[in-house]
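Subject: Structure handover

Hi,

Here is the structure I promised to pass on. Please have it open beside this note, as I go through what turned up part by part.

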Amino acid sequence: MTPNQSRQYGVEIIGSGNGLPSRRLTNADLVKMMDTSEEWIIQRTGIEERRLCDWDSGEKTSVLAAQALQTAIDDAGITPADIDLIVVATMTPDMPTPTVSCLVASKIGCDGVPAFDFNAACSGFVFSISTVHELLKGGMFKTVALIGADCLTQYIDYSTAGRTASILFGDAASAIILRRTDDTSKGLIAHAMHTDGAGSSILLIPGSRSDHPDPENCEDREVKRVYMNGPMVFKFAVKKFPEVIQETLDLAGLEADDVDHYICHQANARILEAARKRFGLHEDKLRININKYGNTVAASCPLVFNELCKDGSIKPGQRVMFIAFGAGLTWGASLWQL
Ligand code: UT7
């Protein structure tokens, strides 16, 4: 399609849907697998359970992503033939190549459309929704499927040695459909995206011993497993979350209360509560659903968005801000007029 450089469009979000694994891993289950307690997990994180892929039955990133997209397509009342770009935000593709987005296109019946993956770890959905907005606004595409999909639990050590990271993560996919509209009042109001590669050593999945922050003492079991310095990541998040919210509000010329919903990456309920208190937000403005899913990486923001849409909390004309931080390090926000 040739972009129409002579005009600009608005962008609207017309549907959403999830793809969730059927297996549940509760805190009580974790107590049987490692030295931990249900009280410790709930008090430190707010998580009660998370979903896990059943790898034996074929659940994996592309499968959950296709389920999420099919549900979002139905929700939007469109058909796969209406979609002209598929973007999957993920850091856990089924394999190095092909991309998850190519596999999803084929599963959904969209073969032939452009499709690519977008990796910014837990910030993947937030970075990509702002990027996709510009592709729609400029006229290059008309209807785009954007999916956040991650199955990080394949990189988790479920023993006492890995207990700090293992309690946090769950697998999930969640999709939205974005459509170009002639109503230019709809779409992105302001955004911020940041990275700091110098901070990469506090949260990573080492591909080999040499990637590990302490290669001399790195044990074989730690290679290709999530390495996380929990307290350092916590400190980074508590600082950057409010900073990036304020930066985006300033760019938009808005006050915190002018935004109806803060749709935040669900990494730890305590991090979210700190941000909520910092801006004096009512509980209704910052939904926390980490208790049900844990930290689902790039799927976490769209899972919250979908939940707010389905229970009627999100209404046409409202303003919503998507906010995330994660490995890289990466952090960003995307403020929308619905
Ligand atoms: O998308 C971004 C991903 N990551 C994050 O956002 C993570 C941010 N960090 C956090 O959420 C928190 O740091 C954690 C929840 C991961 C850990 O909480 P914490 O309060 O920072 O605990 P800690 O790592 O400082 O550990 C405190 C104690 C230690 O014991 P000692 O040394 O005080 O005796 C740990 O060994 O808690 C122990 N501990 C546990 N105990 C029971 C660590 N993990 C566990 C566990 N169960 N699962």
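A word on terms before the details: buried means under 20% relative accessible area, exposed means over 50%, and partly exposed lies in between, with a 1.4 Å probe and protein chains only. This is a predicted model, in which local features need pLDDT of at least 70 and side-chain atom pairs count only at pLDDT 80 or more, while totals for chains, interfaces and linings use all residues. Residues are numbered from 1 along each chain as its sequence is written, and side-chain values use heavy atoms, with hydrogens and water left out.

**Aromatic pairs**

Rings of Phe, Tyr and Trp (its six-membered ring) pair if their centres lie within 6.5 Å; planes under 30 degrees apart are stacked, over 60 edge-to-face, and the rest tilted. By this rule there are five aromatic pairs. One of them joins phenylalanine 125 and phenylalanine 322, edge-to-face, with 5.7 Å centre to centre and 65° between the planes. Since phenylalanine 125 sits in helix α5 and phenylalanine 322 in strand β12 (residues 319-326), the pair ties together parts that are 197 residues apart in sequence. Both phenylalanine 125 and phenylalanine 322 are buried. Helices (H or I, at least four residues) and strands (E, at least two) are DSSP runs, numbered from the N terminus.

Phenylalanine 236 and tryptophan 331 have ring centres 5.6 Å apart and planes at 80°, so this pair is edge-to-face. Phenylalanine 236 belongs to helix α7 and tryptophan 331 to strand β13 (residues 330-337), so the pair links parts 95 residues apart in sequence. Phenylalanine 236 and tryptophan 331 are both buried. One aromatic cluster is made up of Phe236, Phe241, Phe325 and Trp331.

The expected span of a helix is 1.5 Å times one less than its number of residues. For the 23 residues of α7 that gives 33 Å, and the end C-alpha atoms are 33 Å apart, which agrees. Buried residues in α7 include Gly230, Val233, Lys240 and Thr248. After α7 comes glycine 253, with a positive phi near 70°.

Helix α7 (residues 230-252) packs with helix α8 (residues 269-278) at an angle of about 35°, their axes 10 Å apart. Axes here are lines fitted to C-alpha atoms, for helices over the stretch in contact, with angles running from 0 to 180 degrees between N-to-C directions. Contact means heavy atoms within 4.5 Å. On the α7 side Phe234, Ala237, Val238, Phe241, Pro242 and Gln246 take part, meeting Arg270, Ile271, Leu272, Ala275 and Arg278 of α8.

Leucine 251 is also in α7, and at 56% relative accessibility it counts as exposed. Leaving aside neighbours within four places in sequence, leucine 251 is in contact with Ala190 and His191. The C-alpha atoms of leucine 251 and alanine 190 are 6.1 Å apart, although 61 residues separate the two along the chain.

Glycine 139 follows α5 and has a positive phi, near 95°.

Serine 300 is in helix α10 (residues 300-310) and counts as buried at 1% relative accessibility. Beyond its neighbours within four places in sequence, serine 300 is in contact with Cys264, His265 and Gln266.

Best wishes
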